Amino acid sequence: MQNTKNNTSLASVLPIVDLATLNTWTAALMVVDASVENAPIIFVNKAFSELTGYPLHEIVGRDCRFLQGRERPERAEDALKQMQRQGHTRLVARNYRKDGTPFWNEVTLSLMTDTHGAITHFIAVLMDVSDRFNGLSQSGYSWQPDIYPTPIVVDEQNQVEKERLFFESSLRQAVLNKEFYLQYQPVISMRTGDIIGFEALIRWTHPSLGVVPPSHFVSVAEELGLIEDIGEWVLMTACLDMRNREAAGLVPLRVAVNVSPYQFSSPRLTDLIQRAIERNALDTSMLCLEITEGAVMLDTENTRTTLKRLKAMGIDLLLDDFGTGFSSLSYLKRFPFDRVKIDRSFVTNLAENSDDAAITKAIISMAHSLGIKVIAEGVETEAQFVLLRDQQCDEMQGYFFSRGISSQDLEALLKENKRLPSYLFGAGNATRTILIVDDDAEMLLQLQEPLRRDNYEILAAANGEEALEILGRHNVDVILSDQSMPKMTGVELLRRVQVLYPETVRIILSGFSELQSVTDAINDGAVYKFLTKPWDEVKLRAHIDEAFLRKELSNENRLLSDEITIKNLELDILTRKLHELRVNKQQALRQSVEAKSN
């Protein structure tokens, strides 16, 4: 009954606004029944509950002044008199949250009257301004009348500005109080499936805003000049966690720390890194700095100098978000990067988009030609992993293995020696997997029946689109497709499979009337074998077995090729390092000679 009465009263106060809308407001709102003694609260929105910690059911019916605690400042009465005279006022008050912590809030008060002019309700809009009013007197109030002539209608632009100020204030407070924490996302070798490193990821959970993504607060921190302080905290914390893992007896693994463009351009960067390493007695090669393309583009000459210093310290250097800007072969040659990271935007639709597959292949080939290793981020499915593995990508990170986890969970992960399944790296799947595609349901069953005797894992699709979706979720060794299907023919499907999943053996099933299109596909390499209808069961099983043998031989050749590629890559890296060492020594010798001559 109480809720019905409260909702009815609220509807009479704000007849054009429903409760759902009020709960979407970012401003904290409270409605008070002024017609009843002690002015009980009849409604608060979600933002009010987040600000104070009091849910609606704990606050309805209470005297609105209970937030003041035991304080009852006299100036509050002055503010109420002002509101009764003019219909509105504004004050800054010190109230208390549910957990007992004080906070300053700017309160806009308005009154509502009935048709006879009698006061029926008060409406309060609150905003946390603790950062601006911490220096106020202990009286608890600073009264500022005649500010808002019509405060019941909140100006949208003004509200946006308030929200921005609130966010900036919260971020400054977070830096001062060190409210951030780190999570670590494992980096996995695409040759062995083992954990070979981690990326340190900064996280921030705000008391009322909840989890704030880095994409939301990093740019604001840069604008406010806070990013260097945040970056220093991340670096120091990551190095301390590295030391603690080593002290716990865990094998040292490379940790990547992101460096913002502002931090990268700071003359303090190299000294800061040196201090972090020395304080924690770390091997410099275990620290990797992830630097965005935007950072190195700010000042090319300064970039060369900074990267050269970092390289001389033994720091691992990674070019982040590669492919999203002006990255090119000539660009990579100018700077001593050890790794490049393929941006997740090229990985997300990798299994469905042949253009993205071509881009990732080109990036990997380009980097390897310079002796630079490649890591892909945002890998979430087995299909994405297999494609990148077959393209010779070196490392990966993403939800396919693990999301970001705490340092404690990371230690547990290392102790249990978690890795990717071995079948992803052997000469074939744990089981032989075939995908059969036919729009005729009865034909699908007839094709599956004889193959079940050979203990294959059999997947089925009724059309090309469904087949591509299945390929995106499963590691398929052989695909057998009918030619005559609506929307996408078998040949069209297998041409797409050739680009997206080149290691999958492709077989077409067709009548003689479609021989020309099938022949063209065979000549183009899109189709491995052509089988005719009707088929002989014995021959069908033999052809499928032959296809699996071909796939397994291909896997073995790929593994051998991978080993050769790794050795060549290691040789290229060593050659480049020797060249850099020789150049540095020659330069040092030349400077020594010049100094003596002067």
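Lys 178 lies in the loop between helix 7 (156-177) and strand 7 (180-189); helices (H or I, at least four residues) and strands (E, at least two) are DSSP runs, numbered from the N terminus. Although Lys 178 is not a glycine, its phi is positive, at about 55 degrees. Gln 392, in the loop between helix 16 (382-390) and strand 15 (395-397), is likewise not a glycine and has a positive phi of about 75 degrees. The table gives the accessibility of each residue, where buried means under 20% relative accessible area, exposed over 50%, and partly exposed in between (1.4 Å probe, protein chains only).

| Residue | Relative accessible area | Class |
|---|---|---|
| Lys 178 | 54% | exposed |
| Gln 392 | 16% | buried |

The model is predicted: local features need pLDDT of at least 70, side-chain atom pairs count only at pLDDT 80 or more, and totals for chains, interfaces and linings use all residues. Residues are numbered from 1 along each chain as its sequence is written, and side-chain values use heavy atoms, with hydrogens and water left out.

A further backbone feature is the cis peptide bond from Lys 533 to Pro 534, with omega near -15 degrees. Pro 534 belongs to the loop between strand 20 (529-532) and helix 22 (537-597).

The protein chain contains 22 helices and 20 strands. Of its 598 residues, 48% count as buried. Among contacts (heavy atoms within 4.5 Å) with a separation of 6 or more, 64% join residues 24 or more positions apart.

In soluble globular proteins, nonpolar side chains tend to be buried together. A nonpolar core is a set of buried Ala, Val, Leu, Ile, Met, Phe, Trp, Tyr and Cys residues joined through side-chain atoms within 4.5 Å. The largest one here has 105 residues, and Phe 180, Ile 273, Ile 291 and Leu 435 have the most contacts inside it. Helix 9 (residues 227-247) gives the most to this core, with 9 residues. A second, separate core of 20 residues includes Ala 28, Ile 41, Leu 109 and Phe 122.

Leu 435 touches, among others, Ala 467 and Leu 471, not counting residues up to four places away in sequence. Both Ala 467 and Leu 471 also take part in the contact of helix 19 with helix 20, as do Gly 464 and Leu 468 of helix 19 and Leu 493, Arg 496, Val 497 and Leu 500 of helix 20.
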